[in-house]
Every structure is written in structure tokens, then in C-alpha cells.
Amino acid sequence: MNIVGLDALVFGVEDMAAGRQYLLDYGLKETEASAAGGNYEALDGTAVVLRHASDPGLPKANAPSPNLRETIYGVADAATLAAIADNLGQDRALATDAEGTIHTVDDGGYAIAFRVTRRRAIVAPHIGINVPGQMPGRAPNVCAADKDEVMLPRSLSHVVYFVPDVAKAQAFYEQRLGFRVTDRFIGLGPFMRPAGTLDHHTLFMIQSFNDHMVGMNHFTFHLGSAHEVLHAGWRFAQKGYKSFWGPGRHVMGSNYFWYFNSPFGGTMEFDADMDLHDDSWTPRAMPPGADNSQIFLFEHRPKWAPGE
């Protein structure tokens, strides 16, 4: 199945104004706004869709609101979309909307949908890094540090679910949709990617052990660099958003991260520089815990200057 990755995440929210402002401050572009909700895009067109939690047009909730109500995957072409419909239609109800998007539910209880991807080419300034021993990444006299720089999310990266039966959920994505496991936290769950991307993971699933571990855990968009994660996260914290975890760098996937509390039922992350893996990669298995969650971790604090 040539699924290229996440196209959109649809949330049912309780405070529309807070959700809207959060996404604007995060850096997404508002491309649709009405009394019903809004659409907020990254540079490649991948998006977050906000709707009121009580909207009768949303799929049934599987966790208390606010929370994720549907995950929309982009596929390469109409033939892939038809193949998914034929496959999933064998044992579950499908609905096709007026735009041709196919809606159903996975084996973990999450509403999922598929459409021919709406991703577009990313148009953004080149990011250059100067590394001794390599060709310069920036021309002479080009300064990298800019207080006024514009940093925009580039692409919807991944989503993380709590699931009641992680083995069953993993089997669904492997056997029915062609996802591959890239790595695994032992006893917790797998990192998975669909066939149409080399990103370390588009989906990570965590075994739920209690009634509080339900719904979405977190989601994120890719930024352009570690610098952008740090600078965007710093600006975000300065606006009053509460840092949850980070900044740091993960072991699984190697992506830089900075998580913040959000009005969407879980945390939202700034992320950059994720590993790429092809089909020759052998998945790793590690016990969960701090030593395997990050290779380093910092904590946000107010600014400081020499002499203070």
C-alpha cells in the first residue's frame, strides 16, 4: 500500500478560540475559518482540522474530549485508494464522502481515513549548517542567528495513540495497510511507518495499562532543524505555553523534540531531523525508560546573561 503519511488530524475541541490561537502561535497557516471550526496547514499542505467536540459530523469519540477524532492518511494515487477500500471493506464498514475520502475504524478503536494526498512541494529558505571539514553550509557573512526569523512547520510528522491491545493494533497496520515496524519499546509498543515514506515513524502506539491511558498521547510537525526546534520552542514558551518535556533528542528516530501541553487532549511537539529507514533496516527493541527515551534532555528556564 503506497501510503505516503499523515495528511491531516481532526480534533474535537472544547475551546475553539484557544485551539485556534495555539495552532497560529505554533506556526500553522489558517486556510479555513468558520463557526464550525478551521483548517491549519504546514508548508506542504498537511494540516490540523478543528471542530467542536459536539459536532455531529465527527466520528465517534474513543476518549474524553478534547481529543483526536480522526486520522487522515494520504495515499499516492487512486489505485492505492481503491486497493485500501477493497481490503478494509471485507470486514468493516466504510463510508466515502463527497470528496472521495474513505472513512473507517482501525482495530485499536481509532477513526481513520484515506484520500489521495494533498501534499505539495515545500517552498522554504535553504537551511545551511557550517561544519568543520565539510563544505560551508552558508555563504560568508550570512548570519544564522536572527531574532526576527520566520520558522514555519514543514510537514505533519507523526501521531501517537494509547491502545487497549497493542499486538492487535500492530497486526492491523502491518497486515492490512503494509506498515513496517522500525523500532520497539519492549512491553510498550512499536514505532511504525507506511510504505510511502522513509521517516522513522508516522505512528507510535503505546499499550494502555489503565483508564487514564486513552486517546491520543501526542502529535507533531517537522521543523527544518534543531535550531528551529529550540528557537520556535523558546518563542512558544515566551508566549506562556507550558513546556511538558524537552528540549532534547530522542534515541528512537533521533529526532530533536520539545513537547508542550495543548488544548487537544495530549501534548504537541516541535520536531526535526528524524532518521530515515528503508526495508533493509533491522528494528531495534529497547526497554522503555529515561535512558532510552533521550540521549540528552534540557529544561526551559528564563533567559540569563553573563554578569546577572
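Reader: Are Tyr73 and Phe114 buried or exposed?

Author: Both Tyr73 and Phe114 are buried. Keep in mind that this is a predicted model.

Reader: How is a pair of aromatic rings described?

Author: In general, two values are used: the distance of the ring centres and the angle of the planes. In this structure, Tyr73 and Phe114 form an aromatic pair with 5.8 Å centre to centre and 20 degrees between the planes. Planes under 30 degrees apart count as stacked, and the pair of Tyr73 and Phe114 is stacked.

Reader: Where in the chain do Tyr73 and Phe114 lie?

Author: Tyr73 is in strand β5 (residues 67-75) and Phe114 is in strand β8 (residues 111-116). The two residues are 41 apart, and their pair links distant parts of the chain.

Reader: How many aromatic pairs does the structure hold?

Author: The structure holds 27 aromatic pairs. There is also an aromatic cluster, whose members include Phe11, Tyr22, Tyr26, Trp258 and Phe270.

Reader: Now to charge. What can side chains of opposite charge do?

Author: They can pair when their charged atoms come close. A search of the whole structure finds 14 salt bridges. One of them joins the side chains of Asp44 and Arg119, at 3.7 Å from N to O.

Reader: Which parts of the chain does the pair of Asp44 and Arg119 tie together?

Author: Asp44 lies in the loop between β3 (37-41) and β4 (47-52), and Arg119 in the loop between β8 and β9 (155-163), so the pair ties together parts that are 75 residues apart in sequence. Asp44 counts as buried because its relative accessibility is 3%. Arg119, with a relative accessible area of 29%, is partly exposed.

Reader: Which residues are linked with Asp44 and Arg119 in a network of salt bridges?

Author: Asp7 and Arg115 are linked with Asp44 and Arg119 in that network.

Reader: What is the distance between the closest N and O atoms in the salt bridge of Arg284 with Asp183?

Author: Those atoms are 2.7 Å apart. Arg284 lies in strand β17 and Asp183 in strand β10, so this pair ties together parts that are 101 residues apart in sequence. Asp183 is buried, at a relative accessible area of 0%, whereas Arg284 counts as partly exposed at 26% relative accessibility.

Reader: With which residue does Asp279 form a salt bridge?

Author: Asp279 forms a salt bridge with Arg180, and the closest N and O atoms are 2.9 Å apart. Asp279 lies in the loop between β16 (267-272) and β17 (284-286), and Arg180 in strand β10 (residues 180-185), so the pair ties together parts 99 residues apart in sequence. Arg180 counts as partly exposed, at 40% relative accessibility.

Key. Residues are numbered from 1 along each chain as its sequence is written. This is a predicted model: local features need pLDDT of at least 70, side-chain atom pairs count only at pLDDT 80 or more; totals for chains, interfaces and linings use all residues. Side-chain values use heavy atoms; hydrogens and water are left out. Rings of Phe, Tyr and Trp (its six-membered ring) pair if their centres lie within 6.5 Å; planes under 30 degrees apart count as stacked, over 60 as edge-to-face and the rest as tilted. Helices (H or I, at least four residues) and strands (E, at least two) are DSSP runs, numbered from the N terminus. Buried means under 20% relative accessible area, exposed over 50%, partly exposed in between (1.4 Å probe, protein chains only). A salt bridge is a side-chain nitrogen of Lys or Arg within 4 Å of a carboxyl oxygen of Asp or Glu.
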